[in-house]
Amino acid sequence: NGKIMKSYFFVEDLKKLRQKFTDFSAPLKEYWERIKYHAENGHPMYPAFCYLITGEEKYASIAKLELIDQIKSWYERDADPEFQGHLWCRSGHNMRYAVFYDWLYDSGCFTDEEHSFVRNGIVDYIFKHPYQTIQARAPISSENQLTAMVLLCIVGGYICGVKRGEDILAREMMRESLARIPEIIGLIPPGGYSGEGTCHLGFAYVPGITFLSAALEWITGDEWLNRRFSPNNTCMGDALDFYPLLAAPSGLQVPIDEFYCEKRARFPYAYLAGKTGASFGLDLVEQQRLWAIDADVLWGADDKAWTLFWWPEEKTGFEQVKWQSWALSQTGGVLTDVHGDLHLMQVWDRCHFPPVRQEAKPNGLFLETYGVPLLVDNGRDCSELEYEETIDVNHDGGWSNNWGFGAIGGHNCIFVDDEPYYTPRERLKQSSGECHGELVEFCDDQPIRLLTGDSTEFYQERYDIDSITRTSFILHDRYVVIKDVIKA
C-alpha cells in the first residue's frame, strides 16, 4: 500500500509523533527525559526510540551496534537448548529489533554489508525457530506463545520481504502467518480472558495482542481491533477491554495464577485509550505510581517507551480512578465501590490437565481494604501448602516447584472431609481436558452487592456432592459477608 515509502513501522505520522513528545508536560516530560538518559547509558532498546523521536545521529549509532550485536547473539545461541526451547520469548523480544531496523534504515549508519547481515539474520531466526514451530502447532486456544511467534513472522517478514527488502522466504513466512490470525482472534474466549492467569495475561498475552492489532492495522490500512472471528465471535478489543479489570486498588493485580500479582504492561492502556478514549488504565498508572515498575513486557524491557509512543495526544491530565464491579462467567468476578475502599474478588477459574497457568482454587477470595491486601493465598512463596500433587516436572526432567497450582488448596477455599488439598486430575484426563466453575448470580446495586459462583464440577470426581456454591456480599459498602452452601 501507499504507506510503505512514507512512514516507519507503527508510525502513522512521524512529524506529529515527534511534536507530541516535544509537547509533553509533567510528568510525561520527565519520563521521556529519563528514557533518553538511559538510552545513552546502556539500555538496549531505548536508543532506537530516541533516534526515531529526535533524529539525533548519536542514538542511531548506539542502536545500530545493539542491533548487530543482538543478531550475532542469535547465531551464536542457535544450538542452545534454552534458546530453542523458549523461542516464543525470543520472538516477542526479536520482533522489536525488526521494527528498530526499519526505524534506523534511513539513518545512513549502515553499510551495504550490514544491511544484508541484519535482514538475513532476522529471516534466518524466523525460519529456524518460530516459523517451524508454528507449522507444528495446532491452535486450541488464543495464548501468548503462538501470538508472539506469529507476530514476529508477520512483522519481520513484512519488513525484510516487502518494506526494506525482497526476500521471498520472508514474504512466504509472513503470508502463512497471516493465515493464522483468524484462529488467534476467534479463539479468544468470550469476555476477553485468555485463561493464562493474571501474570501471563498482563506481561505477555495482552502486549502481544496489542502489537498484533497495531501491526495489522499499519500493514493493511484497515481497523483490526474490533474485527470479530469465529468460533467465539470475539475480537482483540475484548482482551484489551478486560485487561484493566484485573487491576486492584493496592497497585497489584488480582492473582489468578501461580505468580502473585507480578508483571503487567502499561502500553496496552495507552493504545486502548488512543483507540477508544477509555483512559481508566492511564489514570491508574499515574494514581498508583506504576511508572516506578520497570517490567519486562513480552520479553522486552521497553514498556515505558511504548507507553509514551501510544499515549493519546488529548490525554493531558489525570482523573480520579473510578472502580467498577464485574463478573465473567467461567472465571470470577469483583465486587467494589467506586472508590475501591472495599475490593473483593472471587475466583472459579477453569483448571486444565495438565496444569498450566491457572490455579484450581474454586471460590478463592482476594480481599483488599483501603488499598491493603487482607485475604491472599496464591502463587510461589505465598502459600505454605507443599504436597506431591503440586509438583510439576518438565518432560526433560527440568525444574520442579511447589507452586500450589492445579489443586484445590488454599486458606480461604472450601475443603471437604478435612482433606487439605485435592487435584481433579482424573476427571480432566477422562473428559474434554478442563473443568471450571460457573457464575450463578451477580448484582451491583446498593445497598447489596453480591456475587455467586458454583464450583461443583471441581469436586464431584472425588466427593459425593450435589452442589457447592459460594456467595460474596458487600453490604452498604462497609461489610463483607461470605455464605457457603454445600449440598451432599
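Okay, let's start with proline 27, which sits in the loop between α1 and α2 (28-39); helices here are DSSP runs of H or I, at least four residues, numbered from the N terminus. Before I go on: this is a predicted model, so to speak of local features we need pLDDT of at least 70, side-chain atom pairs count only at pLDDT 80 or more, and totals for chains, interfaces and linings use all residues. Residues are numbered from 1 along each chain as its sequence is written, and side-chain values use heavy atoms, with hydrogens and water left out.

Back to that loop. The peptide bond from alanine 26 to proline 27 is cis, with omega near 0°. There's another cis bond between serine 230 and proline 231, omega about 10°, and proline 231 is in the loop between α11 and α12 (236-242).

Now the helix packing. The axes of α2 and α3 come within 8 Å and cross at roughly 120°; axes are lines fitted to C-alpha atoms over the stretch in contact, with angles from 0 to 180 degrees between N-to-C directions. That makes α2 oblique to α3 (under 35 degrees is roughly parallel, over 145 roughly antiparallel, 65 to 115 roughly perpendicular, the rest oblique). On the α2 side, Trp32, Ile35, Lys36, His38 and Ala39 make the contact, and α3 brings Tyr46, Pro47, Phe49, Cys50, Ile53 and Thr54; contact means heavy atoms within 4.5 Å.

Which way does α3 (residues 46-54) run against α4 (residues 57-76)? Their axes are 8 Å apart at an angle of about 150°, and that makes α3 roughly antiparallel to α4. Pro47, Ala48, Cys50, Tyr51 and Thr54 of α3 meet Tyr59, Ala60, Ile62 and Ala63 of α4.

α1 (14-23), α11 (197-220) and α13 (267-276) each supply at least two lining residues.

Phenylalanine 10 has a positive phi of about 75° although it is not a glycine, and it lies in the segment before α1.
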